[in-house]
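Please look over the sequence and the model below before reading on.

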Amino acid sequence: MYAQMVKTGVKALKSEAEMSDAERAFQARIDADLRIEPRDWMPDDYRRTLIRQISQHAHSEVVGMLPEGNWVTRAPSLKRKAILLAKIQDEGGHGLYLYSAAETLGITRDQMIEALHSGKAKYSSIFNYPTLTWADIGTIGWLVDGAAIMNQIPLQRCSYGPYARAMVRICKEESFHMRQGYDSLLALCRGTSEQKRMAQDALDRWWWPSLMMFGPPDDASVHSAQSMRWKIKIFSNDELRQRFVDQTVPQAEILGLTLPDPDLRWNEARGHYDFGAIDWEEFYRVLKGGGPCNRERLQARTSAWEEGRWVRDAALACAEKQVRRQAS
Ligand code: FAQ
């Protein structure tokens, strides 16, 4: 399946001669590091790519609340519960900034939600794995938020203004999320041997899915070449994945945990850690809906949408009443 994607999936770039005058002028603005704003002219594909990426990013933030929400009532102390609640609320907020950023491109919130619920729009593969123990919550903060920051810091410099600006606040909050996760894991690793075993087990389960968050390898990444030319992406999937591995290995050493990869070792010549092969079959299986929690996650989102209908209807009716009152 992976080999097939490599052969057929990757889109070819337009040559300069194939571009229209407007497209050439647009690319010149990007090359000069000028920001594109909602009312500026943009190629249809640029708009479509941004709607796809920003809306999927928003869906990931909102679906990402579910695995953590599973532990709010079971957090081991008041302090940990308050931190977890604050983090989950932040993720909801990130989803809202990102939906707003996508709306500036001409898509409505309802259209984006419909695409998520019908399975047309993706969300990050990582949120299709279950949170089995309290150590999973610390591990998500450390690895999943850590990977998210690695990917999102460069997005602060992306060419589309509303997306880049939304990223500034999101990155600040993600950095608190990562620190709280690491702190929680550190407490477990300095605790009893049973707590340390729980932390190691969580790391064993979350390590490889975290590496998959960066997307397929560069030679199988359908959108990378065009997105990098448009400076929607500044670094490739593999470059960010490598930076994440390099950052995380010493952090695992401080925790006294072992990353579950026998091929992981420092490569003096490259100045980076080498790491083992990622199971891309698993990645594509999860993307197609075959992960351990895909069905459960979508079910939770669609029922929340249905059960919240009366709130949206009431808020709309109230707003309409206010407008009528003001008019009379
Ligand atoms: N999962 O050609 P590429 C977070 C899809 S936020 C699912 O390389 P692209 C915060 C991709 O969409 C985490 N699908 O695509 C948090 C495309 O399919 P499509 C989310 C994936 O867009 C923490 C196809 O594969 N972050 O965690 C994945 O150039 C804790 C081909 O791939 C973002 O969304 C995947 N892992 O690069 C919340 C960041 N990877 O759309 C709660 C913004 C790839 O044609 C708790 N997004 N695909 O149907 C990006 O930077 C990019 O979209 C990539 C993928 C790098 C994810």
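**A walk through the predicted model**

D279 is partly exposed, because its relative accessible area is 37%, where buried means under 20% relative accessible area, exposed means over 50% and partly exposed lies in between, for a 1.4 Å probe and protein chains only. This is a predicted model, in which local features need pLDDT of at least 70 and side-chain atom pairs count only at pLDDT 80 or more, while totals for chains, interfaces and linings use all residues. Residues are numbered from 1 along each chain as its sequence is written, and side-chain values use heavy atoms, with hydrogens and water left out.

D279 sits in the loop between β2 (272–274) and α12; the helices (H or I, at least four residues) and strands (E, at least two) are DSSP runs numbered from the N terminus. Although D279 and M212 are 67 residues apart in sequence, their C-alpha atoms are 8.7 Å apart in space. Helix α12 (residues 280–290) contains F283, which is buried, with a relative accessible area of 5%. F283 and M213 are separated by 70 residues in sequence and by 9.1 Å in space, C-alpha to C-alpha. Leaving aside residues up to four places away in sequence, F283 touches S125, M212, G215 and P216, a contact being heavy atoms within 4.5 Å.

D33, in the loop between α2 (21–31) and α3, has a positive phi near 65°, and at 58% relative accessibility D33 counts as exposed. K231, placed in the loop between α10 (224–229) and α11 (237–255), has a positive phi near 55°, and K231 counts as partly exposed, its relative accessibility being 23%.

Helix α6 (residues 109–117) has M112, I113, A115, L116 and H117 as buried residues. Among the elements that cover these buried residues of α6 are α3 (44–63), α5 and α13 (294–307). Just after α6, the backbone at G119 takes a positive phi of about 85°.

How is the packing of two helices described? Two packed helices are described by the angle between their axes and by the distance between the axes. For helix α5 (residues 78–103) and helix α8 (residues 161–189) the angle is about 160° and the axes are 10 Å apart; axes are lines fitted to C-alpha atoms, for helices over the stretch in contact, and angles run from 0 to 180 degrees between N-to-C directions. The helices α5 and α8 are therefore roughly antiparallel to each other, given that angles under 35 degrees count as roughly parallel, over 145 as roughly antiparallel, 65 to 115 as roughly perpendicular and the rest as oblique. The residues in the contact of α5 with α8 comprise 11 nonpolar, four polar and eight charged, where Ala, Val, Leu, Ile, Met, Phe, Trp, Tyr, Cys and Pro count as nonpolar, Asp, Glu, Lys and Arg as charged, and the others, Gly among them, as polar.

Taken as a whole, the protein has 14 helices and two strands. Its radius of gyration is 21 Å, close to the 20 Å that the globule rule gives for 328 residues, so the protein is as compact as a globular protein of that length; the radius is taken over C-alpha atoms, and the rule is 2.2 Å times the number of residues to the power 0.38. Of the 328 residues, 48% are buried.
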